[in-house]
Amino acid sequence: MTSLSVIVPLYNERESLPELCAQLFAALNSPDLARCFDAPFSFEVIMVDDGSTDGSDKVIGELMTGRPELKLISFRRNYGKTEALSAGLRVASGEVVVTMDADLQDDPQEIAALVMKLNEGFDLVSGWKRERNDPLSKTMPSKLFNLTTRIFSGIQLHDFNCGLKAFNRELADSLDLHGEMHRYIPVLAKWKGFRVTEIPVRHHARKFGTSKFGVSRFLPGLFDFLSVMFITRYLRRPMHFFGMMGLGSFLAGLSIGLYVTIEKYFFNQPAGNRPILFLGILLIILGVQFFSTGLLGEMLSSRQSQHGGWSIRKTANLPDTIIDKLNE
Ligand code: UDP
Ligand code: MG
């Protein structure tokens with residue numbers, strides 16, 4: 001079995017690749033890293049070319065000579081970083097899996113520290129770019145993203161979206177990533193009961209090319225944020241989510257109705273022909289609708305949870321096939 005798989009998603013990073021390869025292979029061949037593993041150390045590097053149009057795949061082809069550990073998955077078009085990671089995870093055979101960016105911003109020297117922390121008994125060790133070398137236009141939105149994710153997920157990490165992460169095999173097997181969900185890997189892992197932590201890592205300024213994540217990714221990212229929060233926090237308790245909205249809406253509508261009624265009988269104001277009356281009725285109906293949607297969701301999810309969907313740690317005395325069935 002391979003000890004360590006390194007997955008590198010990349011999109012138009014031609015200029016960075018030779019230096020990245022040199023740095024990465026130097027780090028992987030260092031005795032520090034080998035010492036983190038019990039068995040004889042072996043590694044593979046899986047580069048996932050996410051539909052580059054700048055000839056990145058050609059450069060990787062050249063870098064492969066003399067490096068049998070370097071492997072390449074090539075997408076025909078650009079699917080996004082999450083899909084690239086997902087494909088890499090599917091192929092990686094390492095007992096430990098590390099992900100890192102291709103643009104020389106992540107430092108391969110940190111891999112040993114990540115693995116060492118993993119060995120303390122964690123399932124995911126995420127990098128924390130404590131001194132981040134990016135322009136303000138990136139660090140500000142990222143601070144906001146980390147703050148909201150921290151608040152809504154309740155997970156106390158400083159940096160959810162660092163490219164450098166180390167996973168153990170069980171977590172690598174159980175992650176199912178799509179959309180822009182790479183940002184929420186710690187949230188998904190923690191939700192499944194995996195032990196998640198972070199360590200500070202060095203971060204370098206981008207040397208070549210430009211960042212691939214601008215404002216255009218904001219909206220898809222926001223929707224993924226909502227769906228991740230929904231899945232991890234509310235899917236099992238839909239009644240709590242819809243019920244709260246329903247109750248709020250229903251009570252607001254009821255108060256408006258009451259207000260209109262009091263005005264009619266005590267102050268002789270006509271109830272009809274008034275926008276506020278329509279608003280009241282609308283809110284009451286909306287409230288009842290939300291409430292019943294939540295109830296329906298609750299009934300469905302309680303049925304579902306009788307049929308598995310758990311996240312179970314593999315044990316020595318049960319065949320993997322049984323555990324896999326339960327984890328489905
Ligand atoms: N990336 C990718 N597919 C994409 C966009 C980015 O594989 O559609 C890769 C990119 O080449 C890099 C990593 O994801 O290796 C992080 O991207 P980037 O450096 O642009 O993000 P930033 O560091 O600016 O947040
Ligand atoms: Mg970068």
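This is a short exchange about a predicted model.

Trainee: Why is strand 2 described as largely enclosed by the rest of the structure?

Mentor: A residue counts as buried if 20 or more other C-beta atoms lie within 10 Å of its own. Seven of the seven residues of strand 2, residues 43-49, are buried, so the strand is largely enclosed.

Trainee: What makes both faces of strand 2 count as covered?

Mentor: Phe43, Val45, Met47 and Asp49 on one side are buried, and so are Glu44, Ile46 and Val48 on the other.

Trainee: How do you know that strand 1 and strand 2 pair?

Mentor: Pairing takes at least two bridges between the strands. Strand 1 and strand 2 have seven, in the parallel sense. Ile7 stands opposite Ile46 in strand 2.

Trainee: What makes strand 2 and strand 3 a pair?

Mentor: The cut-off is again at least two bridges, and five join strand 2 to strand 3, residues 70-74, in parallel. Val45 stands opposite Leu70 in strand 3. Between strand 2 and strand 3 the chain passes through helix 3, residues 56-63, in a right-handed β-α-β crossover.

Trainee: Which residues come nearest to ligand 1?

Mentor: Of the 18 residues around ligand 1, they are Pro9, Tyr11, Ala102, Ser211 and Lys212. Strand 1 and helix 4, residues 81-91, each give two or more residues to that shell. The shell divides into six nonpolar, five polar and seven charged residues.

Trainee: Where is the feature "transmembrane region" placed?

Mentor: The unreviewed UniProt entry places it at residues 242-262 and 274-296. In the model, residues 242-262 are 100% helix, with end C-alpha atoms 30 Å apart. Residues 274-296 are 96% helix, with end C-alpha atoms 34 Å apart.

How values were computed:
Residues numbered from 1 in each chain as written. Chains lettered and ligands numbered in written order. Predicted model: local features only at pLDDT ≥ 70, side-chain atom pairs only at ≥ 80, totals over all residues. UniProt positions renumbered as here; feature names shortened; annotations may be inferred. Helix = DSSP H or I, 4+ residues; strand = E, 2+ residues; numbered from the N terminus. Near = placed C-beta within 6 Å. Nonpolar A, V, L, I, M, F, W, Y, C, P; charged D, E, K, R; others polar. Buried ≥ 20, exposed ≤ 12 C-beta atoms within 10 Å, placed from the backbone. Right-handed = clockwise from strand over helix to strand, strands pointing away.
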